[in-house]
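Here's a quick tour of one model, taken pocket by pocket and then through a few side chains. Have the structure open as you read.

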Amino acid sequence: MSFLEVFENTDIDAVRQTILSATAAEVLPVLKKTQLSVDDFPVLISPAAEPFLEQLAEAARRITLLRFGKTMKLYAPLYVSNECVNACAYCGFNTTNKLERVTLTKEDILREADVLHRQGMRHILLVSGEHPGKVPVSFLADIADTLAQKFAGISIEVYPMDTDDYRILAGN
């Protein structure tokens with residue numbers, strides 16, 4: 001089941017009630033668990049969990065180290081497009097900003113990626129504004145598939161997508 005399906009089948013009012021009614025007596029056993037579930041989350045973000053924030057932070061750190069170790073990955077952003085349909089006040093890609101709009105071709109992107117690779121980068125972040133018409137999912141998937149031969153990690157920071165689009169990007 002996808003996250004979206006789980007989310008759509010979640011009774012938000014029941015979750016809210018769990019958050020608001022949780023007690024310290026319910027928080028402590030959750031903090032002691034070695035395996036957490038999604039059902040534990042409302043208890044951990046409840047007002048009753050506030051006195052246990054330090055313990056929660058320690059548990060989160062322990063789990064993070066267990067899963068990921070002490071790693072840090074450096075990535076280089078590769079700006080695919082600055083075209084956007086939104087007017088977010090905080091963003092330079094804001095559609096109302098008067099600037100030259102550019103969407104790189106596949107050849108341009110591969111050339112830029114080659115430069116980054118020669119400089120030693122092995123993880124890249126493909127970045128674009130929110131304009132699916134200018135940077136369709138199929139284009140991103142094609143670029144990611146091509147770059148996967150050269151880069152150990154490819155992340156994508158683009159517009160919101162639906163589950164089917166994410167499947168295309170994941171190659172499923």
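Which helices each supply at least two residues of the lining of the largest pocket? They are α1 (3-8), α2 (12-21) and α4. Helices here are DSSP runs (H or I, at least four residues), strands are E runs of at least two, and both are numbered from the N terminus.

## Ground rules

This is a predicted model, where local features need pLDDT of at least 70, side-chain atom pairs count only at pLDDT 80 or more, and totals for chains, interfaces and linings use all residues. Residues are numbered from 1 along each chain as its sequence is written, and side-chain values use heavy atoms, with hydrogens and water left out.

## The two pockets

A pocket is an open set of points on a 1 Å grid over the protein atoms alone, where a 1.4 Å probe fits, with protein on both sides within 12 Å along at least five of seven lines; lining residues have an atom within 4 Å of a point. The largest has a volume of about 400 Å³ (the space filled by probe spheres set on the points, which are joined across faces, edges and corners). Of its 15 lining residues, T10, V15, V38, F41 and P42 are the closest to the centre. Helix α2 gives the largest share of that lining, 6 residues.

The second largest pocket holds about 220 Å³. Its lining is K32, K33, T34, Q35, L36, R62, I63, L66 and R67, and helix α5 (residues 53-68) brings the largest share, 4 residues.

## A buried aspartate

D40 sits in the loop between α3 (24-32) and α4 (41-44). With a relative accessible area of 6%, D40 is buried (buried is under 20%, exposed over 50%, partly exposed in between, with a 1.4 Å probe and protein chains only). Leaving aside residues up to four places away in sequence, D40 touches V30, K33 and Q35 (contact is heavy atoms within 4.5 Å).

## Rings and cysteines

The whole structure has 1 aromatic pair. The ring centres of Y79 and F93 are 6.3 Å apart and their planes at 85°, so the pair is edge-to-face (Phe, Tyr and Trp rings, using the six-membered ring of Trp, pair with centres within 6.5 Å; planes under 30 degrees apart are stacked, over 60 edge-to-face, the rest tilted). F93 is buried, at 17% relative accessibility.

As for disulfides (cysteine sulfur atoms within 2.5 Å), the search finds 0. C84 is in none, and its nearest cysteine sulfur, that of C91, is 6.1 Å away. C84 is buried at 12% relative accessibility, while C91 is partly exposed at 26%.
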